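Hi there,

Here is the structure I promised to pass on to you. Please open it beside this email, and then read on for what turned up in it.

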Amino acid sequence: MRDMVSTSSTSGRRWSSLSRPLTLVGLALGPLAVLGVFFVLPVSAMLARGFVVDGSLDVGGVLDVLARPRVHRVLWFTLWSAAAGTVMSLALGLPAAYALYRLDLPLRRPLRALLLVPFALPTVVVGVAFRRLLADSGPLGFLGLDGSAIAIVLGLTFFNAAVVIRAVGTAWEGLDPRPAEAAAALGASPWQVLRTVTLPALKPALVSATSVVFLFCATSFGVVLTLGGLRYSSVETEIYLLTNNLLDLRAAAALSVLQILVVVVLLVVAQRLRATPDPTQERTPPRPRRARRGDVAALVATGLLLVLVLAPMTSLLLGSLRVGDGWGLAAYRALATTGASPGGAEVLAVPVTDALLTSLRTAVDATWMSLLVGLLVAVVVTRHSRGRVERRVRSGLDAVFMLPLGVSAVTVGFGFLIALDEPPLALRDSPLLVPIAQALVALPLVVRTIAPVLGGVDDRQRQAAASLGASPLRAVLTVDLPVVWKPLLAAAGFAFAVSLGEFGATSFLARDDHPTLPVVIYRLLGHPGELNYAMALAASVVLAATTAVVVLAVERLRVPSAGAF
Amino acid sequence: MRRILRRAHRPGTRTITTLVLVTAVTVLAGCSLVGEGDDEPATSPGGSSASPGQEAPREVVLVTHDSFALPKKLVKAFEADSGYELEVRASGDAGALTNKLVLTQDSPTGDVAYGVDNSFASRALDAGVFADSGVTLPDGAADYTLDDGTDRLVPIDTGAVCVNVDTRWFEEQGIPEPETLDDLVEPAYADLFVTPGAATSSPGMAFLLATIAEHGDDWPDYWADLMANGAKLTSGWSDAYYVDFTQGGGDGDRPIVLSYDSSPAFTLTEDGEATTTRALLDTCFRQVEYAGVLAGAANPDGARAVIEWLLSPEVQAALPESMYVFPVVSGVELPEDWARFAEQPTDAYTVDADEITANREQWLTEWTDITSR
């Protein structure tokens, strides 16, 4: 028995010296092809239109654009508002991640789902809901926040705290509690435990979440415009204006290059910070414990976040129930029709219920696509590397799949039109383009949710399984899957919510006979009429409720005996 | 050891079974778009195998903006009468639509485009996006053609962007309502006006154009006065109307808003006998939306048929309630509320389409400087 094991292990090593790089390439090939066709190609096509003027490369013109003082102002605003949004999301998201994943709180699952709902709400609606609260005439008007930078940062936090909670929370949940307990037993204060034991162990997840949130904040479009009252512009809003309104492709290309550069720098920094983690993932997550007196700070922060998230949502809900001067369900009943202006007109081509169905079907596609590709990417980037080159390649791959978050949806959207028009890539009119675009947006979230946990699996467990005769597939199923199952479901919930709420790329690609719910909401909000407004809000409430229910249901799916060990 | 491995094996198998089941159920339940669209030709009336004229394409593709909406029965009637199958590709606003057409000029995304408006028309015309339409204009439509490009862009609908006031508010306050653009800079109307910005909203752009038509090169001074008088800017129309306007259903505190000439038909009193808002007809900018056959279209005959259908009395009559715009063809009956409460301006501001295309960037840059000071 001993002999057999040792022989198979030596021959295995010889075999693996060649097969490892090959497997790496093989696994990465699919995701890379997807990224190449649906991201690199369209974006390059758009950049080429900006750089090439009358058949010759015009770098000088692009550099001139970058020298404009306005561009510097816009870049500066983008960086500091995104940084502020990220800090705020972390400040409220981390305590909430702790409270909702480590403490045995009542209703913690529904609360987790609830906090993800903002992801699925279109910014137009949230903007209106936020502004109805913050406007001088609104209930919070006395704060004077309408159109201020603070309102923008609050809006960014509203949307992004969920990323911190989910990405860090799932890692925190599976964290071995014993080192922290040992530290406490040795006399460390709770703060010392957090700083010296817990946070270092969470570092990979923390860095992941931070970089994703920063990218989301830096490329947020609707929040900056709606809540900033046009006083502020970011690189993203500037690219939109230049491309969509002015068709100034050269200036847009210049800003896109700037955007990509910022993203690359950020990713390199994040990569440096994300040190190889200790194998700290427990196969059986420790049971959440009851809240103690020391948890008050975390609970207060969670409460604050809930208020921030619930206030605009409550405003939405109340608005959807307003009928004239009273209350009622008229708007919800009208959802089954095609919209009703006074004369009984057809505002929408399809009833809102159909749009919900389209949204759900699109979201299912976007979810499986992003999970499939995301899982492959996560596996490739987290396997233990041998040698510097391999490690470099892996972390490079990791960063490459984050890029779609950092590039403007307008650029990618127009890029689809000009790059994917001819066979074999005549895909621009395919109904699958919408879920594919949404999957690309969700992909970094999926990777960043799964990878930190997968990276925490002790490679020796896999080796042990292999030396005991388990096939690679079986090793994955027995070693990795139980650990990665929960983050995988969390990622699925993420992808689903992102897809349900995605508007930028979708409005660009959606076809009229099958509009998604956010597109319909946008259209309802674009016309006068009390019922139209109430219907837009009612549709948003339906979207929010659907998201919450689906996310809850997805998280209920579990490996039946993940706790068998 | 072996026992542990065998035990460990079980959850894996079960998980896979669960996954396969979940996937199968969702796909079977039709919760996926995979496979959509492939079956369309098979169900089309008079599929290619049945028709004797193998050469003529049966499908015609209409590219339009995402405000496009027409009753299904009109589409069905078109398909039955013409024998074409109409595929609508709607996305983005008028600006996005125009740019899309310009960018895909070498391989157009459809046969016919509808929704390019007078503020973007010359960008599309200059780029050579449209071919001669060959459509004869019905009575009335000729009033809305462009000076240049009449042969290529056919007017389909019109509407005007006008300043609206809350008549009830002014009555209660005992202040006379404003009437003109110049009134808006009077101290009596300080802090009462809200408008979407020109850079981010197409009605906002139309309002900027109205002020340019009125004040010519002096428009920056007018805007400086307007901002000094406490005008409020929002990013989009819905924001201005539903949050800040006093008749937008919320707690808005501004009784003057930029909206459309048709908006008063949507703010009726409960008995439906009166409206609580009024469009100031001396402040309006005329918007016209056009349709055209795309150069290089696969089905130019079908494209022409679509334009003729858009000009037909049935579609023209459906425009107000489906897309909130007025028909261009004369003699088309308006819905009752529109006929009573939506008054069209007789003499709206206009700016030459060429001039808009030539100056858009400079105007917007200057406007942004003034408004973000």
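**Two helix pairs in chain A**

The crossing of α14(A) and α15(A) is left-handed, a term used when the near helix is turned anticlockwise from the far one by less than a right angle, with right-handed used for clockwise. Before going further, please note that this is a predicted model, in which local features need pLDDT of at least 70 and side-chain atom pairs count only at pLDDT 80 or more, while totals for chains, interfaces and linings use all residues. Residues are numbered from 1 along each chain as its sequence is written, and chains are lettered from A and ligands numbered from 1 in the order in which they are written.

Back to the pair: the axes of α14(A) and helix α15 (residues 388-400) of chain A come within 8 Å and cross at roughly 150°. The two helices are therefore roughly antiparallel. Here, angles under 35 degrees count as roughly parallel, over 145 as roughly antiparallel, 65 to 115 as roughly perpendicular and the rest as oblique. Axes are lines fitted to C-alpha atoms, for helices over the stretch in contact, and angles run from 0 to 180 degrees between N-to-C directions. Helices (H or I, at least four residues) and strands (E, at least two) are DSSP runs, numbered from the N terminus.

Which residues of α14(A) meet α15(A)? They are A:V377, A:V380 and A:V381, and their partners are A:R394, A:S395, A:L397 and A:D398. Contact means C-beta atoms, placed from the backbone, within 7 Å.

The axes of helix α19 (residues 459-467) of chain A and α20(A) come within 9 Å and cross at roughly 140°, so α19(A) is oblique to α20(A). This crossing is right-handed. From α19(A), A:Q461, A:R462, A:A465 and A:A466 take part, and from α20(A), A:A475, A:T478 and A:V479.

**What is buried**

Helix α22 (residues 517-525) of chain A is mostly covered, with nine of its nine residues buried. A residue is buried if 20 or more other C-beta atoms lie within 10 Å of its own, exposed if 12 or fewer, and partly exposed in between. The cover over α22(A) includes α20 (472-501) and α23 (530-556) of chain A, together with α9 (237-244) of chain B.

The largest nonpolar core has 288 residues, and A:V164, A:V168, A:A495, A:A539 and B:V112 touch the most other members. Such a core is a set of buried Ala, Val, Leu, Ile, Met, Phe, Trp, Tyr and Cys residues joined through C-beta atoms within 7 Å. A second, separate core of five residues includes B:A265, B:F266, B:W338 and B:F341.

Most residues other than glycine have a negative phi. A:L107, however, has a positive phi of about 65°, and A:L247 has one of about 50°. Are they buried or exposed? A:L107 is exposed, with 9 other C-beta atoms within 10 Å, whereas A:L247 counts as buried, with 20 C-beta neighbours inside 10 Å. A:L107 lies in the loop between α3 (69-102) and α4 (108-116) of chain A; A:L247 lies in the loop between α10 (235-245) and α11 (249-273) of chain A.

Happy exploring!

Terms used. Two residues are in contact if their C-beta atoms, placed from the backbone, lie within 7 Å.
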